[in-house]
Amino acid sequence: MSKKQFIKRHHLIINKLRSNPCSFKDLQNHLEKHSINDEENYVISKRTFERDIYEIREIYKIDIEYNRSKNVYEITQDADEVKTDRLIESFQIFNALSISDTVSNHIIIEKRKHLGAENMHGLLHAIKNHYKIKFTHEKFWKTNNEKKVRSVYPLALKEARNRWYLVAQDSKDGVFKTFGLDRISDVDISREKFPYPKDFNPDKKFKYSFGIITDETKPEKIKLWFSHEQANHIKSLPLHSSQKTVYENETECIIELYMSPTYDFVMEILSMGADVKVLEPESLKEEIKIKLLKTLDFYLK
């Protein structure tokens, strides 16, 4: 059996048991159905399934147990559903891209700069072991894309708007900073230990952020009006974890957020054009107005 088939079977088992607990027979039927659809063989014996349960626990930190009273298998612990889903999603994309040339000609891939993923494993190793690191960082906002050698204490990796960032404390000034992994090169992991800052909590630091900009403005209640078409997109891909719908009908939708209206959030609002309108707070509404008037003036000159 190929490794790809082995991984796909794990994902089929996880998705089936997430939807609802089931007996081994029902699970077999589920695997048999997908075997026919994928032209693969996912059907397994009870012994192999028991081994799969162990491996799923080791790889995905998902516990599957047999409920004797109901005669079903069920997930009793799903350690980090978001990370597991991303892992499964990544495999599914890889699987789609690795199929035959004839079919892959119908998959249109966006050309873009690499995400710097080749450094993720090393950076996580440094974060876990509290090792000081040094790397070359390229800035986008400086003349000629200035490159600078940085020496930092790595604290966390954060994803924002389809990019990955290193969250670190500058060893010189002690300031917490973020660095795009796609702009990092020549990573050097030392064996010099550093004390992890007791006052740093990654989740707390970015709790009210839209992307990676923090400490720029205080969090506040934000109300946004959306056209019906844009609302469907916003509801399927929320702007922030605090997002909730407060009003909706056939033509419009109003959502409420509690977050910091940082520069990157303002840019996101502007990118939606006439399909969004800031209702609250007044300060954010005025900021959007000023930027729109400047843009209009630029085109009218």
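Q: Which side chain meets that of K177 in a salt bridge?
A: A salt bridge here is a side-chain nitrogen of Lys or Arg within 4 Å of a carboxyl oxygen of Asp or Glu. Side chains of opposite charge can pair when their charged atoms come close. The partner of K177 is D170, at 2.9 Å from N to O. The model is predicted: local features need pLDDT of at least 70, side-chain atom pairs count only at pLDDT 80 or more, and totals for chains, interfaces and linings use all residues. Residues are numbered from 1 along each chain as its sequence is written, and side-chain values use heavy atoms, with hydrogens and water left out.

Q: Is D170 buried or exposed?
A: Buried means under 20% relative accessible area, exposed over 50%, and partly exposed in between (1.4 Å probe, protein chains only). D170 has 7% relative accessibility and therefore counts as buried. K177, at 22%, counts as partly exposed.

Q: Which strands hold K221 and E280?
A: Helices (H or I, at least four residues) and strands (E, at least two) are DSSP runs, numbered from the N terminus. The side chains of K221 and E280 form a salt bridge at 3.8 Å, N to O. K221 lies in strand β8 and E280 in strand β11, so this pair ties together parts that are 59 residues apart in sequence. K221 is partly exposed at 37%, and E280 is partly exposed at 31%.

Q: What kind of peptide bond joins E280 and P281?
A: The bond is cis, with omega about -5°. P281 is placed in the loop between β11 (276–280) and α10 (282–300).

Q: How far apart in helix α10 are E286 and K289?
A: They are three residues apart, about one turn of the helix. Their side chains meet in a salt bridge of 3.4 Å, N to O.

Q: What does F210 contact?
A: Contact means heavy atoms within 4.5 Å. Neighbours within four places in sequence left aside, F210 touches R161, L239, M259, T262, D264, F265 and E268. F210 and M259 are 49 residues apart in sequence, yet their C-alpha atoms are 7.5 Å apart. F210 sits in the loop between α7 (202–205) and β8 (220–227) and is buried, at 9% relative accessible area.

Q: How many bridges join β9 to β10?
A: Two strands pair if DSSP finds at least two bridges between them. Four bridges join β9 (residues 244–248) to β10 (residues 252–259), and the two run antiparallel.
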